[in-house]
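I opened the notebook to look up a few local features of one model, and I note below what I found.

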Amino acid sequence: MPRAALLSLHARVRSIRPTALEDPYLIQVWGPRYSVYVVPAPDVAVFTLGRLSDDPVKRRDAYVLADRLEALLDGRRMLMGELGRALGRHSNWLRLAAPTGRLLIHWDGARQPTIWMVPPPEVDPETARREMARRYLHVFGPASAESFAEWAGISAKAGSATLQSLRRSLTPVATPIGEGWILSRDEAELRADTEIPAPARLLPSGDTYSLLQGLDRQLLVPDAAHRGLLWTPRVWPGAVLVDGEIVGVWRRAREVVTVQPWARLPKKARDEVEREAASLPLPGVDREIVVRWEAGPR
């Protein structure tokens with residue numbers, strides 16, 4: 001969600017303000033798995049065209065729908081529900097045009113998204129998909145073709161073919177959960193001594209750091225009981241990082257941040273978590289942030 005994207009930026013970039021997502025450099029799209037992603041404007045093609053189906057019928061339908069939307073909007077912007085009614089279809093159907101790279105949205109996480117059309121990206125879908133795979137491996141690697149396909153919302157066949165096309169620039173890696181791939185250019189960085197991690201960070205629900213599936217989750221959170229608390233069946237909580245390790249989860253209701261650590265934290269760590277919570281750029285919250293500590297599992 002866009003609000004989560006704001007907190008993800010805050011965890012990585014200094015001086016992020018509550019209005020940061022209003023910067024024209026940041027664009028919202030329906031990206032992998034038709035979730036809302038905030039991406040840099042030059043990367044729209046990577047996270048849209050990169051997901052375009054290889055099925056000729058589905059690909060044609062996406063372009064036909066984009067043409068219909070462009071004709072109906074005629075340069076205007078319209079709410080998602082209103083646009084769906086104008087087409088006589090459920091509004092969720094509109095998302096099928098997103099992989100063409102011609103449909104942009106703006107959503108505040110509460111009301112309906114606003115939709116408008118832009119010219120098609122000047123890149124072919126295969127090039128966009130290869131670049132999307134590079135981004136995935138750079139952030140999530142070591143990773144497999146299967147995990148890439150699941151994350152991207154494309155077929156397993158397409159995921160395998162894409163990584164196969166990049167083989168000359170990849171290096172195989174053995175991990176405790178099986179073999180994976182990294183970008184060869186990332187090997188030196190992965191072998192280097194790690195930098196000193198931030199004392200505390202509050203990563204939002206769906207943050208890239210924890211956006212894992214299947215066995216990949218075991219590498220991040222070894223304890224199965226704790227995995228069940230982070231990756232819940234419904235809406236995921238955020239992850240609490242202390243010195244670079246996930247030590248609990250958190251949720252927020254207005255100005256109240258509830259933190260549930262999985263083990264007793266020393267006072268210094270608790271102070272750092274509260275300091276991080278106080279710095280969160282929260283639009284519409286004009287009161288001082290209050291941290292409520294909740295007992296975790298024993």
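I take buried to mean under 20% relative accessible area, exposed over 50%, and partly exposed in between, with a 1.4 Å probe and protein chains only. The model is a predicted one, in which local features need pLDDT of at least 70 and side-chain atom pairs count only at pLDDT 80 or more, whereas totals for chains, interfaces and linings use all residues. Residues are numbered from 1 along each chain as its sequence is written, and side-chain values use heavy atoms, with hydrogens and water left out.

Entry on glutamate 255. Is this residue buried or exposed? I looked up glutamate 255 and found that it counts as buried because its relative accessible area is 16%. Glutamate 255 sits in the loop between strand 10 (245-253) and strand 11 (256-261), where helices (H or I, at least four residues) and strands (E, at least two) are DSSP runs numbered from the N terminus. Leaving aside residues up to four places away in sequence, I found glutamate 255 touching Val285, Arg287, Glu288, Ile289 and Val290, contact meaning heavy atoms within 4.5 Å.

Entry on backbone angles. Arginine 33, which is not a glycine, has a positive phi of about 60 degrees; arginine 33 lies in the loop between strand 1 (26-30) and strand 2 (36-40) and is partly exposed, because its relative accessibility is 33%. For aspartate 243 I noted a positive phi near 55 degrees, and placed the residue in the loop between strand 9 (238-242) and strand 10.

Entry on a peptide bond. I found the bond from glycine 141 to proline 142 to be cis, with omega near 0 degrees, and proline 142 in the loop between helix 5 (125-140) and helix 6 (145-152).
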